[in-house]
Amino acid sequence: MFLEILFGVLVTIGVGWIFYLFFSWETKSEKEQHERMKRSLEDAYIIDPETGAKLTLEQAESGHWEGSADEFRAMPEAEIKNLVYKDQQTAQRGLNHLIGSKRFLRQDMFSDEQFDVVERTITLSHYDDWSYSNVFQFEEGLIFLPAPETNSVGMVTESQLMMWLKIDSINGHYYFREKTKTETFFDKVRNDDELKYATYECFTFKTSRQMLQIKQIIDKLVTFNGLEIEIHNDNLFIKTLRLINKEDVLTFEKILSILYRDIKPFH
């Protein structure tokens with residue numbers, strides 16, 4: 001009887017130990033993430049998942065904070081590697097490039113007039129909601145980080161990249177986005193877009209007589225993938241469709257170079 005009881009106890013302990021090992025086992029990436037999170041907590045700050053900015057616990061709990069000195073400097077690569085999530089690291093490297101550029105100057109937020117213009121864009125208003133952060137000004141316009149919200153597939157929010165350029169007015173309103181497979185199919189039968197492109201769909205909200213000027217600009221932009229493009233009178237908006245990253249910042253710089261070199265549409 002004693003041996004049976006002892007055997008039962010040992011089996012129970014053994015099974016419990018197996019369950020403990022199974023549920024406590026971590027992959028290498030999970031261990032690295034937990035270690036980064038531990039260091040972040042030990043440093044008495046947390047990281048804004050959209051901007052990568054350092055926030056104290058008090059700032060995070062309040063939901064309101066003024067830009068700190070940390071937000072206006074490039075984050076060292078060693079600190080980036082300690083960010084908990086890979087998306088934070090990707091976003092911070094893109095933000096670092098903007099901060100470190102001599103071309104772009106950081107400003108706190110939009111003026112009321114600027115916000116009114118951005119709020120009326122098709123590019124942002126077709127989302128369920130949006131917010132923004134990290135506004136940079138330069139000679140030809142602004143670059144900022146919009147965070148569109150899409151509730152139809154569960155709320156999805158991430159900081160993307162958007163550029164606003166002031167151009168010679170076209171006295172019209174056009175919006176372009178990449179075609180869906182359905183649009184690509186039906187356009188082979190009947191393409192009724194005012195401006196026809198193989199990969200981008202054209203939506204006309206107000207017809208312009210400055211079609212040559214519009215075509216010169218859009219012909220250059222549709223050579224890039226993954227953009228939303230809008231021209232409304234003297235405003236040109238270009239937005240990416242993924243989390244801000246260094247590659248997209250470099251793409252925007254390339255777009256600026258091409259437009260300035262080949263078209264010079266700015267006023």
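## Overall picture

Of the 267 residues of the chain, 40% count as buried, a term that here stands for under 20% relative accessible area with a 1.4 Å probe and protein chains only. The model is a predicted one, in which local features need pLDDT of at least 70 and side-chain atom pairs count only at pLDDT 80 or more, while totals for chains, interfaces and linings use all residues. Residues are numbered from 1 along each chain as its sequence is written, and side-chain values use heavy atoms, with hydrogens and water left out.

The secondary structure comes to ten helices and eleven strands, taken from DSSP runs (H or I of at least four residues for helices, E of at least two for strands) and numbered from the N terminus.

## Helix α5

Helix α5, residues 86-100, has 15 residues and reaches 21 Å from its first C-alpha to its last, close to the 21 Å expected, where the expected span is 1.5 Å times one less than the number of residues. Its buried residues include Gln88, Ala91, Leu95 and Ile99.

Strand β4 (residues 129-138) runs antiparallel to β3 (residues 105-107), to which three bridges join it; two strands pair if DSSP finds at least two bridges between them. Across these strands, Arg106 stands opposite Phe136 in β4.

With β5 (residues 141-150), β4 pairs in the antiparallel sense over eight bridges, and a hairpin joins β4 to β5 through two residues. Here Phe138 stands opposite Gly141 in β5.

## Lys179

Lys179 lies in the loop between β8 (173-178) and α8 (181-189), and it counts as buried because its relative accessibility is 14%. A polar atom of the Lys179 side chain lies 2.7 Å from the backbone oxygen of Tyr197.

Key
Buried < 20%, exposed > 50% of the residue type's maximum accessible area, 1.4 Å probe, protein only. Polar contact = N/O pair within 3.5 Å; in protein donor to acceptor, adjacent residues only side chain to side chain.
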